[in-house]
Amino acid sequence: MTAAAEKTNLLGMPKAKLEAFFESLGEKRFRATQMLQWMHQRGVDDFDQMTNVSKSLREKLKEIAVIRGPEVVYDETSKDGTRKWVMRMDNGNSVETVLIPDGERGTLCVSSQIGCTLDCTFCSTGKRGFNRNLTAAEIIGQVWVARKAFMPFEPGPDRPITNVVMMGMGEPLMNFDNVVDAMNLMMEDLAYGISKRRVTLSTSGVVPGIDKLAEVTDVSLAISLHAPNDELRNKLVPLNKKYPIAELLAATKRYFSRLPDKRKATIEYTVIEGMNDKPEHAHELAELLRDIPCKINLIPFNPFPESDFRRPSMNATRRFQAVLNEAGYIATIRTTRGDDIDAACGQLVGQVEDRTRRSQRYINVQQVNS
């Protein structure tokens, strides 16, 4: 008997990899189609329940493979309907996944790393440091777990998850291959069948990753910009020192120029009181994005203990929005959802065994300043 930890987890394999797996067993490629439907469309993780698979193959699979999603250690619903899961991966590490219902739409915010390799100053996740990348099975496993929470587990027009955004814990382009495999499963008709327009990857600006992404997929793209100039963005998003705004926007234009349709980039801009919320910042942003087909998502800063930043007033945020609207942009203000269960944007923390020691450095600074 193969130890459970050594068995191949089939959950994170897109169709091509599943076909190769079954061919390596001397099986026909169509077994991949059966397996995808059992796992992702019916939510089955027990090979014995797969009635259209031969008994001999089921016995073989039980010896060498497993279908295993993350373990749910916390499941809470906000007063506004937002639902948050904390999912344990291994060695006590966990990530957070959030489902935001909005009428007939349900948007699932999925994590790609345990912690984050980056250290954006306005994000709680970064203050927890970094442990490792999630596997493809652990990424798609978040979708699988969330979908299993709503029964019956069947495909159809009444699906509770209509959109997926790679905006949870971590920088997706720093975990490129696993993220791409997971997104392929999200869009696979034999799995979740979510439109490429409704699967969105959000990046803080990993320029080579954006160019590489354009070679393998055409999912929607969101850019975490948060500042209209390099001087300010260097303070908020340290990655900007490596890939400044001009390079980031050039890569964004290249990405969308290769798409067969006329989709627009989503520009994410966290509005922070006294930092980047002034009308002059809005005018500068409007000029900066003049040649980028985009819509702008304004996100009022969501406070967390390790930050001295403050949420802007709604009046200031609306003034910022008005400048952008008058300049011809579609600029919306994201409604804060789930903050009573720390599920709002920038508040996801999970449980991270920090290999970078970044979290301890922040604790030390807090103790000195207290």
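Of the 370 residues of the protein chain, 54% count as buried, where buried means under 20% relative accessible area, exposed means over 50%, and partly exposed lies in between (1.4 Å probe, protein chains only). The model is predicted, so local features need pLDDT of at least 70 and side-chain atom pairs count only at pLDDT 80 or more, while totals for chains, interfaces and linings use all residues. Residues are numbered from 1 along each chain as its sequence is written, and side-chain values use heavy atoms, with hydrogens and water left out.

The protein chain contains 12 helices and 14 strands; these are DSSP runs numbered from the N terminus, helices being H or I of at least four residues and strands E of at least two. Its radius of gyration is 21 Å, close to the 21 Å that the globule rule gives for 370 residues, so the chain is as compact as a globular protein of that length. That radius is taken over C-alpha atoms, and the rule is 2.2 Å times the number of residues to the power 0.38. Along the principal axes, the C-alpha trace spans about 70 × 50 × 40 Å. The chain exposes about 16600 Å², of which carbon and sulfur atoms supply 48%; accessible areas come from the Shrake-Rupley method with a 1.4 Å probe, and for residues only the protein chains shown count as cover. Among contacts between residues at least 6 apart in sequence, 66% join residues at least 24 apart, a contact being heavy atoms within 4.5 Å.

An α-helix has 3.6 residues a turn, so residues three or four places apart point the same way. Just after α1, Gly26 has a positive phi of about 80 degrees.

Asn52 sits in the loop between α2 and α3. With a relative accessible area of 40%, Asn52 is partly exposed. Leaving aside neighbours within four places in sequence, Asn52 is in contact with Arg31, Gln34 and Trp38. Asn52 and Arg31 are 21 residues apart in sequence and 9.6 Å apart in space, C-alpha to C-alpha.

Next come the annotated positions. An unreviewed UniProt entry lists Glu96 and Cys345 under "active site"; UniProt positions are given in the numbering used here, feature names are shortened, and annotations may be inferred rather than shown by experiment. Glu96 belongs to strand β5 (residues 94-102) and is buried, with a relative accessible area of 5%. The side chains of Glu96 and Lys84 are joined by a polar contact of 3.4 Å. A polar contact is a pair of N or O atoms within 3.5 Å; within protein, one must be able to donate a hydrogen and the other to accept it, and residues adjacent in sequence count only if both atoms are side-chain atoms.

The unreviewed UniProt entry also gives the annotation "binding site" to Cys116, Cys120 and Cys123. Cys116 is located in the loop between β7 (113-115) and α4 (124-127), and Cys123 lies in the loop between β7 and α4 as well. Cys116 is buried, at a relative accessible area of 10%.

His226 is found between β11 (220-224) and α8 (230-236), and at 4% relative accessibility His226 counts as buried. Most residues other than glycine have a negative phi. Phi of His226, however, is positive, near 70 degrees.

Asp261 lies in the loop between α9 (245-257) and β12 (265-271) and is buried, with a relative accessible area of 19%. A polar contact of 3.1 Å joins its side chain to that of Arg263. Beyond neighbours within four places in sequence, Asp261 is in contact with Lys196 and Arg197.

Asp340 is found in the loop between β14 (330-333) and α12 (358-369). At 39% relative accessibility, Asp340 counts as partly exposed. Its contacts, leaving aside neighbours within four places in sequence, are with Ser78 and Lys79. Asp340 and Asp80 are 260 residues apart in sequence, yet 9.0 Å apart in space, C-alpha to C-alpha.
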